[in-house]
Amino acid sequence: MACAERQGLWAYASGEVDAPARAALEAHLAGCASCCAELDAVRATRSVLAAAAGQPPKVDWRKADDLVRTAAERKLARLDRPRFMQLAWATSLGAAAIAIAFVALSRPAPSPVAPKVAAREEIPFAPQAVVELSQQARIASGAAEAPLAAGQSVGPGASIVTPEAGRAVVRLPEKSQMRLAAASSVLLKVSSPEEIALSLQRGRISVQASHDAGRRAFKVEADGATVRVVGTVFSVATGEREVEVGVAEGRVEVSLPGGGSQSVGAGERLVIDRATKASRLGDLPAASQSLYEDFGLPLPPPPVRTQAAKPAEPRPASKAPAIAVAPLAPVAPTPAPVPVPLPEPVPVLAPDKPKPPPLQSISVEESYLRRAEGSLESGDCRGFLLGLEEMLETGEDQGGRERARIVRARCFAKGRASVEADREYRRYLDEFPTGQFASEARRAIAH
């Protein structure tokens, strides 16, 4: 049974009893163990309350506002109701907000925990067309026009324009390369890793299309003609009277403006008359052989074209009367000449002349690597990073892959992208631990 004195333990612990009551309660505590234990519990409870009073609770008012706003949106998203019901809902939501605030006040504030962010590798370049070389080229979007610099990204809907003495080289999103000649203009209608659609407005472009399996379509439009490509090297040019499609490698399919289509293979050129829409297929002329030089391709022998011989037309029979011919008299045989021996010719020794070294053609990869290595000095190497990555993924030459990896590392280091440069150097050591640039990679990582 509980003692009657327990009712005064809270007042005793807080010092709110007078001296006679205090003396009587202390005398009772001296002989009652249960009241002493109860007094200890009262004092412990008071100390906890005092500590809690010194630490005001923190309320996440933003979270409370979000809860109220979410509840309001759910209610108001229902069917339209009378105005008085909306006011009633608003009143109830206000009461709910007050209740949430009191609940938040009554709970201890959680310890701050840093949010966890999933680690991911930063992508230094967006999957857009990137300018690798720009000589006085400009970018036009609508009526606005601005200079175009190497390393700049070009999105769909923009046009690239070159003046009379300019040119440009652009790496497309699906790793193809496009070259603009002087006095040219091309519109990037669609420019994505899945589809490329170009519209040649004037001038000439040369394209080295990649063999990307993820690309759905690659086409170039020029004055009603559409060139469809899979993976090849070709050029499209527009003149005052004709549209020309030349192919250096692979094969393209051209939809003709007058209807039908024409297949154009390596070493061939298709010419379309802009006025009559007529087309003719022939050999790629010497004037168009710069297409091979642009991408480092060897010049192929001209294709041999054979034509079936036409049968001779029968001649009409002569209606003139036959003329009798007298037989010829026999002729005496001519004696055979007696052979006369000729003196043997004296050999003439020609002076030794040094033979010129044989011309060696370089591959597309080697030509691209040389340009990428030269861009390290000019400072526009960032435009070659995508092409170098493609060589690392698909290249079979071990030496070419090693050079591509070290050029990527040097390019990042030159651009002060220390994280990317360190990653490329480490990948180089993983792939080529005894390579010719291994010491350079180790020094770069150590610093």
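**Rings and cavities**

Modeller: Tyrosine 428 and phenylalanine 432 are both buried (under 20% relative accessible area with a 1.4 Å probe, protein chains only). This is a predicted model, where local features need pLDDT of at least 70, side-chain atom pairs count only at pLDDT 80 or more, and totals for chains, interfaces and linings use all residues. Residues are numbered from 1 along each chain as its sequence is written, and side-chain values use heavy atoms, leaving out hydrogens and water.

Colleague: How many aromatic pairs are there in the whole structure?

Modeller: The search finds 4, where Phe, Tyr and Trp rings (six-membered ring for Trp) pair if their centres lie within 6.5 Å; planes under 30 degrees apart are stacked, over 60 edge-to-face, the rest tilted. Phenylalanine 218 and phenylalanine 234 are edge-to-face, because their planes are at 85°, with the centres 6.4 Å apart.

Colleague: Are phenylalanine 218 and phenylalanine 234 buried or exposed?

Modeller: Both phenylalanine 218 and phenylalanine 234 are buried.

Colleague: And which residues does the ring cluster link?

Modeller: Tyr428, Phe432 and Phe437, through ring pairs.

Colleague: Switching topic, what is the volume of the largest cavity?

Modeller: About 40 Å³. A cavity is a set of points on a 1 Å grid over the protein atoms alone where a 1.4 Å probe fits but cannot get out, and lining residues have an atom within 4 Å of a point. Points join across faces, edges and corners, and the volume is the space filled by probe spheres set on them.

Colleague: What lines the largest cavity?

Modeller: Its lining includes Ala222, Asp223, Pro257 and Arg274.

Technical notes:
On a 1 Å grid over the protein atoms alone, a cavity is a set of points where a 1.4 Å probe fits but cannot get out, and a pocket is an open set with protein on both sides within 12 Å along at least five of seven lines; lining residues have an atom within 4 Å of a point. Buried means under 20% relative accessible area, exposed over 50%, partly exposed in between (1.4 Å probe, protein chains only).
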